[in-house]
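Here is a short report on one protein model. Keep the structure open as you read, and find each part as it comes up.

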Amino acid sequence: MDLHLVRKGSGPPLVLLPGTSSDWRVFAPVIDRLASDRDVLVVDLPGFGGSPELAADVTPDPPALARAVVDFVSGLGIERPHVAGNSLGAAVALEIGALSEAATVCALAPIGFWTDREADFCVTSIVNQRDLAERVPEAVRRTLLGFTPTRTLMLNQVFARPWRIPPDQAVALSETAKPGLDRVMDAYRRYRFTAADRIDCPVTVAWGTRDWLLIPREGRRVRRVLPRARMVWLEGLGHVSMWDDPDRVADLLLETSS
């Protein structure tokens with residue numbers, strides 16, 4: 001499968017995986033910071049951004065998405081890169097680690113450490129965002145997101161500092177991508193991360209203390225599920241921490257991929 005790729009920089013390869021309904025732009029604030037020391041490959045997950053969906057007979061859960069990413073990256077001649085992701089992409093990064101296909105893994109607020117109720121809350125939030133984006137014309141969203149108070153109100157579930165996001169970028173980030181969302185949602189809420197005993201590389205899990213999509217108590221389960229992982233709390237940051245504090249997250253990604 002040919003996935004959409006944004007690639008920049010030189011050095012050890014670092015694969016970045018966006019979250020649900022996101023594309024490569026979710027990592028835009030950190031790409032240049034990383035590219036001076038890493039060969040950065042931002043890969044849109046199947047069904048999102050510029051990447052096609054998985055075949056109709058394949059359930060698009062994190063293990064299946066991980067296999068698709070591994071096959072694509074291997075086709076570029078890259079074996080066992082450093083891998084990092086956010087949200088769904090973080091779970092996919094962990095599953096790549098479980099396939100013994102990663103040198104290191106950094107998971108920023110991964111799904112799969114939740115209860116049924118927390119999974120339902122996350123799915124409902126994402127679907128509501130999609131429905132709102134479809135009902136409200138882009139011109140209206142652009143106007144609303146152009147004002148700092150409304151931008152803050154509309155985006156504060158996933159960004160701790162939405163007022164810092166430029167309006168044009170806020171419009172792009174408020175869009176939900178696209179053909180694969182419903183299929184992924186169907187597989188999404190049933191997913192639990194259970195592959196800890198198969199990971200053979202260093203793992204760091206990072207969680208924003210102001211994440212209102214995957215709430216911090218989900219992060220507190222990481223030590224029980226992944227006892228060998230390093231746990232990092234990102235004080236004051238939200239679910240999409242790359243936009244809240246690009247320098248802090250870039251430093252973390254460089255550190256964990258050393």
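Where is the place of Arg 80? Arg 80 lies in the loop between helix 2 and strand 4. One caution before going on: this is a predicted model. Arg 80 is not a glycine, yet its phi is positive, about 50°. Its relative accessibility is 35%, so Arg 80 counts as partly exposed.

Glu 79 sits in the loop between helix 2 (62-75) and strand 4 (82-86). Is Glu 79 buried or exposed? Its relative accessibility is 51%, and exposed means over 50%, so Glu 79 counts as exposed. Leave aside residues up to four places away in sequence, and Glu 79 touches Ser 74 and Glu 101. Now look for Pro 13. Glu 79 and Pro 13 are 66 residues apart in sequence. In space, their C-alpha atoms are 9.1 Å apart.

How do strands hold together? Strands of a sheet pair through backbone hydrogen bonds, either parallel or antiparallel. Strand 6 (residues 203-208) pairs with strand 7 in the parallel sense, over five bridges. In strand 7, Met 231 is the bridge partner of Val 205.

Strand 2 and strand 3 also pair in the parallel sense, over four bridges. Here Val 15 stands opposite Leu 41 in strand 3. Why is strand 2 largely enclosed by the rest of the structure? Four of its five residues are buried, so strand 2 is largely enclosed.

Start with helix 1, residues 28-35. Which of its residues are buried? They are Pro 29, Val 30, Ile 31, Leu 34 and Ala 35. These buried residues pack against strand 1 (5-8), strand 2 (13-17) and strand 3 (39-43). They also pack against helix 11 (241-244) and helix 12 (246-256).

Turn to the pair made by helix 1 and helix 12. Two packed helices are described by the angle between their axes and the distance between the axes. The axes of helix 1 and helix 12 come within 9 Å and cross at roughly 50°. Helix 1 and helix 12 are therefore oblique to each other. Their crossing is right-handed. On the helix 1 side, the contact is made by Pro 29, Val 30, Arg 33 and Leu 34. On the helix 12 side, the contact residues are Pro 246, Asp 247, Val 249, Ala 250, Leu 253 and Leu 254.

## Helix 5 and helix 7

Helix 5 covers residues 138-145, and helix 7 covers residues 167-174. Their axes come within 9 Å and cross at roughly 130°. That makes helix 5 oblique to helix 7. The crossing of helix 5 and helix 7 is right-handed.

Which residues make the contact? Helix 5 brings Glu 138, Arg 141, Arg 142 and Leu 145. Helix 7 brings Pro 167, Asp 168, Ala 170, Val 171 and Ser 174.

## Two buried loop residues

His 239 is in the loop between strand 7 (230-234) and helix 11. Its relative accessibility is 3%, and buried means under 20%, so His 239 counts as buried. Which residue does the side chain of His 239 meet in a polar contact? The partner is the side chain of Asp 211, at 2.7 Å. Not counting residues up to four places away in sequence, His 239 touches Asn 86, Ser 87, Ala 109, Val 158, Asp 211, Leu 213 and Leu 214.

Ser 21 is found in the loop between strand 2 and helix 1. Ser 21 is buried, with a relative accessible area of 9%. Its phi is near 65°, a positive value in a residue other than glycine.

Key. Residues numbered from 1 in each chain as written. Predicted model: local features only at pLDDT ≥ 70, side-chain atom pairs only at ≥ 80, totals over all residues. Heavy atoms only, no water. Buried < 20%, exposed > 50% of the residue type's maximum accessible area, 1.4 Å probe, protein only. Contact = heavy atoms within 4.5 Å. Polar contact = N/O pair within 3.5 Å; in protein donor to acceptor, adjacent residues only side chain to side chain. Pairing = 2+ DSSP bridges. Axes fitted to C-alpha atoms, helices over the stretch in contact; angles between N-to-C directions. Parallel < 35°, antiparallel > 145°, perpendicular 65-115°, else oblique. Left-handed = near helix turned anticlockwise from the far one by under 90°.
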